[in-house]
Amino acid sequence: MKDLHRWMTAVAAALMTTVLAGCGSEDAETTPAPVLNIYVYGPSDPIQTRSVSPVEGEKKVNTLQIWVYRSSDGSEIGTLSLSGDELDGLNQTDKGYYSMAVPADFAASPTAVDVYVMANVTNANCNQTFDRNITREVIDLASFGGGYYQYPVTGISPDGLPMSGVIRNRDITVHDDVLHLSGANLQLLRTVSKIRFVFSSSQQDNDNVYIDEVTLNGGVLPQMEYFFLNGGSYRVGTYHVADEKTMVTFSGTEAIKKNEDPLQYVYAGGDEQAYETLIDQAAESNKVTVAPIVYVRESDLPLKGTIKYHVDNEEAKKRQAPFSMQAQHFPRNHTWIVYAFYGSSSMEVNTVLVNDWENGGTGSHDLYNW
């Protein structure tokens with residue numbers, strides 16, 4: 001009986017050891033890995049108070065890549081690649097947060113980081129793709145060039161417009177064992193800007209005016225643009241496209257719309273959304289002609305070009321009206337409205353870049369974060 005008792009005691013002890021070992025293993029497996037929460041705002045961030053509503057597809061994020069590096073030495077902390085349903089929050093509310101697993105030693109003693117975010121960058125829209133594991137030096141110099149948004153684009157790729165955002169040397173805070181970036185969060189900006197060409201003439205003028213094409217001068221658009229800014233409002237290469245490029249082509253057989261007073265559509269100061277709405281309403285009422293929106297990459301120079309047109313039975317492209325963006329450069333993620341109206345046998349051009357709306361009148365104004 002004593003032997004039986006000893007045997008049963010040994011079996012019970014073995015079973016208890018197995019149970020305890022199993023519990024310890026389960027606890028180890030369920031211990032969550034340390035994570036860094038990253039908040040990303042879309043290009044139509046609702047915290048912006050001066051924003052013109054984008055057209056369909058301009059703010060859509062189809063793919064998102066995030067890279068985090070230690071600021072001190074550039075060592076990789078983690079990466080994320082997101083698509084599809086994972087981006088619903090960002091697309092529906094213009095903000096989303098994403099949890100990135102980070103090494104335990106970094107979580108135990110976090111230091112400042114550099115965070116790079118890229119959206120909609122594909123072979124189709126800028127002839128570029130980037131791996132999840134890539135050095136900070138390589139991603140910081142990432143660029144696109146060639147014909148991508150060098151020849152102005154009048155449609156949006158199914159992959160969306162390319163976007164990017166970066167913050168450098170950002171401290172880490174810890175709340176409830178979760179790491180967060182201190183201060184402001186990541187803001188996506190489109191790496192291209194857009195131009196709307198609008199035309200009209202007076203009902204009191206017997207001439208019928210036909211737009212033939214709009215061209216961009218050579219020497220004003222860089223051959224290459226970097227995805228990530230580096231402390232300035234633009235970041236491009238040093239060489240520029242030498243040749244004139246066609247921005248918009250027209251049939252040349254349909255006269256531009258007429259209205260009672262073309263001057264009423266010249267920007268005269270005020271809220272940018274109100275001016276955009278004024279142009280949209282005029283287009284819907286057939287009082288102005290609006291060309292397809294043009295998307296083009298940024299430049300360190302003001303863009304200049306020519307509106308080529310003819311009147312009634314004149315030879316096509318016989319007349320020309322130059323336009324010039326009066327700002328010192330052409331930064332990304334902005335909207336220009338080029339309004340040209342015909343009167344007194346000539347075409348007058350009003351270029352508007354609407355942002356701070358500080359100058360008023362028909363000078364250069366800046367429309368940011370469309």
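Predicted model: local features only at pLDDT ≥ 70, side-chain atom pairs only at ≥ 80, totals over all residues.
View A. Let's start with a helix, α6, which covers residues 272–284. How far apart are the end C-alpha atoms of α6? They are 18 Å apart, and this agrees with the 18 Å that 13 residues should span at 1.5 Å a residue. Look next for the buried residues of α6: E272, Y275, E276, I279 and A282. Seen down the axis of α6, these buried residues fall within an arc of 125 degrees, so they line one face of the helix.

**View B. The largest pocket and its lining.** The largest pocket holds about 200 Å³ of space. Which residues lie nearest the centre of the largest pocket? They are F250, S251, E254, A255 and T289, out of 13 residues that line the pocket. Sorted by class, the lining has 8 nonpolar residues, along with 3 polar and 2 charged ones.

View C. The model has 12 aromatic pairs, counting rings whose centres lie within 6.5 Å. One of them is formed by F197 and F323, with 5.5 Å from centre to centre and 70 degrees between the planes, an edge-to-face arrangement. F197 sits in strand β12 (residues 192–202) and F323 in strand β20 (residues 319–324), so the pair ties together parts that are 126 residues apart in sequence. Are F197 and F323 buried or exposed? Both F197 and F323 are buried.

**View D. A stacked pair and an aromatic cluster.** Here you can compare another ring arrangement. The ring centres of F330 and W336 are 6.3 Å apart and their planes meet at 15 degrees, so this pair is stacked; the cut-off for stacking is under 30 degrees. Both F330 and W336 are buried. Elsewhere, look for the rings of Y69, Y116 and F228, which form one aromatic cluster.

View E. Why does I337 count as buried? Its relative accessibility is 1%, and buried means under 20%, so I337 qualifies.

Conventions:
Residues numbered from 1 in each chain as written. Heavy atoms only, no water. Helix = DSSP H or I, 4+ residues; strand = E, 2+ residues; numbered from the N terminus. Expected span 1.5 Å × (residues − 1). Buried < 20%, exposed > 50% of the residue type's maximum accessible area, 1.4 Å probe, protein only. Arc of directions from axis to C-beta. 1 Å grid on protein atoms, 1.4 Å probe; cavity = no way out; pocket = protein on both sides within 12 Å on 5 of 7 lines; lining within 4 Å. Points joined across faces, edges and corners; volume = space filled by probe spheres on them. Nonpolar A, V, L, I, M, F, W, Y, C, P; charged D, E, K, R; others polar. Phe/Tyr/Trp six-rings, centres within 6.5 Å; stacked < 30°, edge-to-face > 60°.
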